[in-house]
Amino acid sequence: MDQDVVQRVKSDPDYRKLVAKRSRFGWILTWSMMVVYYGFTLLCAFDKEFMGSRIGEGAMTWAIPLGVFVIVFTVVVTAIYVRRANGEYDALTDAIKARAAKGEKVAA
Amino acid sequence: MKTRHLLAPALLAASGIAMAAPDLGQAAKQATNWTAISMFAIFVVFTLFITKWAAAKTRSASDFYTAGGGITGFQNGLAIAGDFMSAASFLGISAAVFLDGFDGLIYAIGFLVGWPVITFLMAERLRNLGRFTFADVAAYRFHQKPIRVFAASGTLVVVAFYLIAQMVGAGQLIKLLFGLEYWIAVVIVGILMMVYVLFGGMTATTWVQIIKAVMLLAGASFMAFSVLAQYNFSPEKLFATATEVHAKGDSIMGPGTFLKDPISAISFGMALMFGTAGLPHILMRFFTVPSAKEARKSVLWATTWIGYFYILIFIIGFGAIVLVGTNPDFKDGAGKLLGGNNMAAVHLAKAVGGDIFLGFISAVAFATILAVVAGLTLSGASAVSHDLYATVFKKGKANSADELKVSKITTIALGVIAVLLGIAFEKQNVAFMVSLAFAIAASANFPVLFMSVLWSKCTTRGATIGGFLGLATAVILTIVSKSVWVDVLGNASAIFPYTSPAIFSMAVGFFGIWFFSVTDKSPRAAIDKAGFEAQEVRSETGIGAAAASAH
């Protein structure tokens, strides 16, 4: 890619907005996933007693709904990210691309 | 012309099954084998027609590696899910639940949680920077040769371990389910896999994977539904009955001995979470879709299907506890499960759906192995033809036809090697191989990919040395851990005390990349760092990516 295009895109305020927002959002969700998963793993390793204790009168223990929660959480955070990226972030990206392409023609 | 080439192996395989079955079938048991074999034969014939159709579309190297980028997000999501729902996870995790209850779910969850991380940090950038293999991305701004050699090594090592585990699994499984000889099963898998990949490339491999994923999801859904139906759709009743009949009683409802100590727990979790983001046959699938949007959709679909599948497996495992574990028909004289604990899900299929459904599930299990090995082989072949031959050996000047020819030769070579290794490892304990593949992917491929894309000061030297250090550490620590040192080599006690090396080997990989980058004062290092800006713009926006795939 030609260095002019790189500089033009880098100085586009929308580009800076896109990169800052998307990477911030991506990292927040990544950390939330890590907290949920490693939290669950550590609970399983350290507090077996709690995980194996019954919630109510029946056979159901805390471990089962927590495990299912981790699975559902995984799918839900992915869905939240994909929805936002395919809408808001892609719209920003398209605008940046359009401007970069227009600039190219003028420069050539 | 193509038709004849395709049909010949099909007939060969079909007649091989037909002739081998009767005499061996008598020695083993039951006529049910016939149902399984005919259902599998239908699957094979159907997938060979797809391969024929795909072959007509596979003209260039790009078609071969990425199906010409013509797979939709939904289709790719199913194919990725298919890569993950291997026979090992279907039979292995349901067996783990059958034996230990909740511990099986802990294991399954580990395989799922890598997906969001891939989506948030990698998918978009991979798509925007790469064309065929993950090395395209890792080597984007670096000196091509060392990084490509590293990436190809990382790919081939991961593929080799994964492949051996699948081949041995196939042989053992088919021996039990179809009553065929071990080596015949391994050869059938090898031949069919070569046919799919050779003629149909990524298009056929993807469709075989999609069909199998649909069959497996449908079969598993039916099993879980039938189990729950017997308890009026009350999980509470199912769990209550399970704790009454299971030898371990209430302890199946909570974590048991699977996570021995916190370090093993975290380390194992890291191998699974980050290993997923470094598996070459998975990363390759991001290049089969036309846009970043479709790439994201495919991970969302994949995550959804895999999550759903693991919940089904958990129910199936508990179903096996109550319906198989209590039924003497499924046990031998000593009270052990016929065919071993891995047969829990298969016996459950018979318990809920009779012989026809048992045949269906057996055929699906075989199809699963076939589809997974095809994907692995394709990924290994691309590493050799695209990274080593076209980029390193021909310095990027190979023409598409020659590159395609090299991929096909490599496919044949890998197929033959896989069959030979599958036979050689028949009596070996290969349980460690899939976890080792994940540990290597997490410690070598993932750090290199991550640092090259996100860290501006990463250099060729740092990425290459760090990557190899991570790879070596993962392999060495696995060899001296219990799974190889004690279980395979027969020593009394393990030198490395933890289940998984990932927490250490990943640290070594990342540290190596950092250290050998910051101390790198070569002229090449300056070029590497200067290239970051352009790489960043392209990885974030995809500008230039479309042009790159057009030529």
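What percentage of the 551 residues in chain B is made up of buried residues? Buried residues make up 62% of chain B, where a residue counts as buried if 20 or more other C-beta atoms lie within 10 Å of its own, as exposed if 12 or fewer do, and as partly exposed in between, with C-beta atoms placed from the backbone. This is a predicted model, in which local features need pLDDT of at least 70 and side-chain atom pairs count only at pLDDT 80 or more, while totals for chains, interfaces and linings use all residues. Residues are numbered from 1 along each chain as its sequence is written, and chains are lettered from A, with ligands numbered from 1, in the order in which they are written.

**Confidence**

- The model as a whole scores ipTM 0.91 and pTM 0.88.
- Chain A has a mean pLDDT of 87, with 94% of its residues reaching 70 or more; pLDDT is the predictor's confidence in each residue, on a scale from 0 to 100.
- In chain B the average pLDDT is 86, and 93% of the residues score at least 70.
- Among the elements of chain B, the lowest mean pLDDT, 32, belongs to helix 1 (residues 2-27), and the highest, 96, to helix 20 (residues 502-518).
- Over residues 1-32 of chain B the pLDDT is below 50, and this stretch has 40 contacts in the model beyond near neighbours in sequence, a contact being a pair of residues whose C-beta atoms, placed from the backbone, lie within 7 Å.

**Chain A**

- The secondary structure of chain A comes to four helices and zero strands, where helices (H or I, at least four residues) and strands (E, at least two) are DSSP runs numbered from the N terminus.
- Chain A has a radius of gyration of 22 Å, whereas a compact globule of 108 residues would have one near 13 Å; this radius is taken over C-alpha atoms, and the globule rule is 2.2 Å times the number of residues to the power 0.38.
- Along its principal axes, the C-alpha trace of chain A spans about 75 × 25 × 20 Å, and buried residues make up 29% of the 108 residues in the chain.
- Helix 2 of chain A (residues 13-46) has 34 residues and reaches 48 Å from its first C-alpha to its last, close to the 50 Å expected at 1.5 Å a residue, the expected span being 1.5 Å times one less than the number of residues.

- Chain B contains 23 helices and zero strands.
- The radius of gyration of chain B is 23 Å, close to the 24 Å that the globule rule gives for 551 residues, so chain B is as compact as a globular protein of that length.
- The C-alpha trace of chain B spans about 70 × 60 × 45 Å along its principal axes.
- Of the contacts in chain B between residues at least 6 apart in sequence, 84% join residues at least 24 apart.
- The largest nonpolar core has 237 residues, and those with the most contacts inside it are B:Val189, B:Ile313, B:Ile316, B:Leu348 and B:Val373; such a core is a set of buried Ala, Val, Leu, Ile, Met, Phe, Trp, Tyr and Cys residues joined through C-beta atoms within 7 Å.
- Helix 15 of chain B (residues 344-393) gives the largest share of this core, 29 residues.
- Not counting residues up to four places away in sequence, B:Ile316 touches B:Ser94, B:Ala220, B:Met223, B:Ala224, B:Val227, B:Ala345 and B:Leu348.

**Where the chains meet**

- In the model, 46 residues of chain B are in contact with 45 residues of chain A.
- The largest share of the side of chain B that touches chain A, 10 residues, comes from helix 14 of chain B.
- The residues on this side of chain B divide into 27 nonpolar, 11 polar and eight charged, where Ala, Val, Leu, Ile, Met, Phe, Trp, Tyr, Cys and Pro count as nonpolar, Asp, Glu, Lys and Arg as charged, and the others, Gly among them, as polar.

Key. Contact = placed C-beta atoms within 7 Å.
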